[in-house]
Amino acid sequence: MTEEIRKAYLLGAERAVQLLATEEVARCWDEESVLPGMTVGGLAGHLARSVLQVEWFLEGETVGADPVSPVRYYARLVGTSLPDSPLNVGVRARSEETAAAGPAAGAEQARAAWHRLAQRLDREPADRRVAVLHRPGEEMLLDGYLQTRCVELAVHLDDLELSVGVQNRTPEATLALAVDVLVAAARDRHGDQAVLHALARRERDAGQSLRVL
């Protein structure tokens with residue numbers, strides 16, 4: 001499974017690097033994206049972080065805490081659909097910070113990080129842990145964290161493509177991993193009966209039980 005996860009991640013990250021370097025992204029940088037309250041540049045910065053953060057997390061100090069699973073990483077989130085929730089305010093702030101480098105520099109930073117990761121991930125053991133830097137004291141297995149990055153890549157590749165009017169389809173392996181994680185997170189958060197209604201009886205899905213992000 002380790003090989004499949006890392007391959008799916010690198011494929012998605014490569015697609016992100018390609019999209020970030022397009023003329024369309026640079027031209028639309030200061031315009032509003034399809035996400036309310038976020039510019040194309042901010043969205044591009046957020047997408048780039050799914051490449052950059054892997055290196056940052058790998059360099060963080062781990063202390064042996066019980067690793068958080070990718071399912072719990074998402075299932076426990078609150079305020080995901082509220083633009084002004086602390087979660088989303090923090091996401092926008094970190095994204096704009098990354099975007100401050102500008103489209104050309106940001107794209108190059110992501111490309112360089114992807115290139116290094118393409119070589120490094122093959123050398124990391126299956127039990128490798130990373131520090132979740134925005135949640136001090138938390139850790140994840142590297143492969144678990146890469147699964148969350150597949151979610152972010154799949155979701156925000158789609159957002160950025162729509163925002164700038166290009167087609168740059170997310171790799172199937174990345175999409176499949178993202179869907180698996182999000183459905184599992186929905187089951188964890190809402191329970192199987194609610195997820196069954198969302199899948200097969202939408203008229204009974206009062207709580208939008210498949211909505212995770």
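User: At what angle do helix 1 and helix 8 pack, and how far apart are their axes?

Analyst: Two packed helices are described by the angle between their axes and the distance between the axes. This is a predicted model, where local features need pLDDT of at least 70, side-chain atom pairs count only at pLDDT 80 or more, and totals for chains, interfaces and linings use all residues. Residues are numbered from 1 along each chain as its sequence is written, and side-chain values use heavy atoms, with hydrogens and water left out. Here helix 1 and helix 8 pack at about 115°, with axes 8 Å apart. Helices are DSSP runs (H or I, at least four residues), numbered from the N terminus. Axes are lines fitted to C-alpha atoms over the stretch in contact, and angles run from 0 to 180 degrees between N-to-C directions. The pair is therefore roughly perpendicular (65 to 115 degrees).

User: Which residues make the contact?

Analyst: Ile 5, Ala 8, Leu 11 and Gly 12 of helix 1 meet Ala 173, Thr 174 and Leu 177 of helix 8; contact means heavy atoms within 4.5 Å.

User: Is His 156 buried or exposed?

Analyst: His 156, in helix 7 (residues 142-164), is buried because its relative accessible area is 11%, and buried means under 20% (1.4 Å probe, protein chains only). Leaving aside neighbours within four places in sequence, His 156 is in contact with Leu 35, Leu 43, His 46 and Leu 47.

User: What does Leu 20 touch?

Analyst: Not counting residues up to four places away in sequence, the partners of Leu 20 include Val 25, Leu 47, Pro 103 and Leu 160.

Technical notes: Helix = DSSP H or I, 4+ residues; strand = E, 2+ residues; numbered from the N terminus. Buried < 20%, exposed > 50% of the residue type's maximum accessible area, 1.4 Å probe, protein only. Parallel < 35°, antiparallel > 145°, perpendicular 65-115°, else oblique.
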